[in-house]
Amino acid sequence: MYSEQLKQLVVDTLEDMKGNDITCLDVKGMTSVTDHMIIVSGTSNRHIKSLADSIIEKAKENGVRPLGVEGQDSAEWVLVDLGDVVTHIMLPATRQFYDLERLWETSTASLEHQH
């Protein structure tokens, strides 16, 4: 499955499961770890676990095995690594505290200024 298709599969799954404030970041060229980073908020620990489980299930149905899943015990922040797409599923307070969007946007801006 291609990177863009995988990203769309994850976004569609998150939308179906009522994930909040879905943000997609294109991080190609900034890291060799992944092409796309998706950040989404869940309404509760249970919702976060459900979002992660749904992504994993849909990915497997489409022949993609997760490279790793972290944080399912506490479910304040679950990371699902599908290779080309890494998804961060967080409680709103956790998301606000770590502010990954700003972190990666700052990285993008500094890379653009270097060229």
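Analyst: What follows is a set of questions about the terms used for this structure, each answered from its definition.

This is a predicted model, in which local features need pLDDT of at least 70 and side-chain atom pairs count only at pLDDT 80 or more, while totals for chains, interfaces and linings use all residues. Residues are numbered from 1 along each chain as its sequence is written, and side-chain values use heavy atoms, with hydrogens and water left out.

User: What makes strand E5 largely enclosed?

Analyst: Helices (H or I, at least four residues) and strands (E, at least two) are DSSP runs numbered from the N terminus, and E5 is the strand of residues 85-90. A residue is called buried under 20% relative accessible area, exposed over 50%, and partly exposed in between, using a 1.4 Å probe and protein chains only. Six of the six residues of E5 are buried, so the strand is largely enclosed by the rest of the structure. Val85, Thr87 and Ile89 point one way, Val86, His88 and Met90 point the other way, and all of them are buried.

User: How do you know that E5 pairs with E2 and with E4?

Analyst: Two strands pair if DSSP finds at least two bridges between them. Strand E2 (residues 36-41) is joined to E5 by six bridges, and the two run parallel; Ile39 stands opposite His88, and Ser41 stands opposite Met90. Strand E4 (residues 77-81) is joined to E5 by five bridges in the antiparallel sense, with Asp81 opposite Val86. Because the definition asks for at least two bridges, the six bridges with E2 and the five with E4 both qualify as pairing. In the hairpin of E4 and E5, three residues lie between the strands, and Gly83 takes a positive phi near 90°.

User: Why are E1 and E3 called edge strands?

Analyst: Five strands form an open sheet in the order E1-E2-E5-E4-E3, with mixed pairing. The edge strands are E1 and strand E3 (68-70), each of which pairs on one side only. Neighbouring strands of this sheet are turned by 10° against each other on average, direction ignored, where axes are lines fitted to C-alpha atoms, for helices over the stretch in contact, and angles run from 0 to 180 degrees between N-to-C directions.

User: Which strands does helix H2 touch as it packs on the sheet?

Analyst: Contact means heavy atoms within 4.5 Å, and helix H2 (residues 45-61) touches E2, E3, E4 and E5, its direction making about 160° with that of E5. The buried residues of H2 include His47, Ile48, Leu51 and Ala52, and the buried residues of this helix pack against H1, E2, E3, E4 and E5. Helix H1, for its part, lies across E1, E2 and E5, running at about 5° to E2.

User: How do you know that the span of H2 is close to the expected one?

Analyst: The expected span of a helix is 1.5 Å times one less than its number of residues. H2 has 17 residues and reaches 24 Å from its first C-alpha to its last, close to the 24 Å expected. Just after H2, Gly63 takes a positive phi of about 80°.

User: Why is Ser3 called buried?

Analyst: Ser3, which sits in helix H1, has 12% relative accessibility and therefore counts as buried. Not counting residues up to four places away in sequence, Ser3 touches Asp35, His36, Asp84 and Val85.

User: Why does Lys28 count as partly exposed?

Analyst: Lys28 has 40% relative accessibility, so this residue counts as partly exposed. Glu4, at 41%, therefore counts as partly exposed too.
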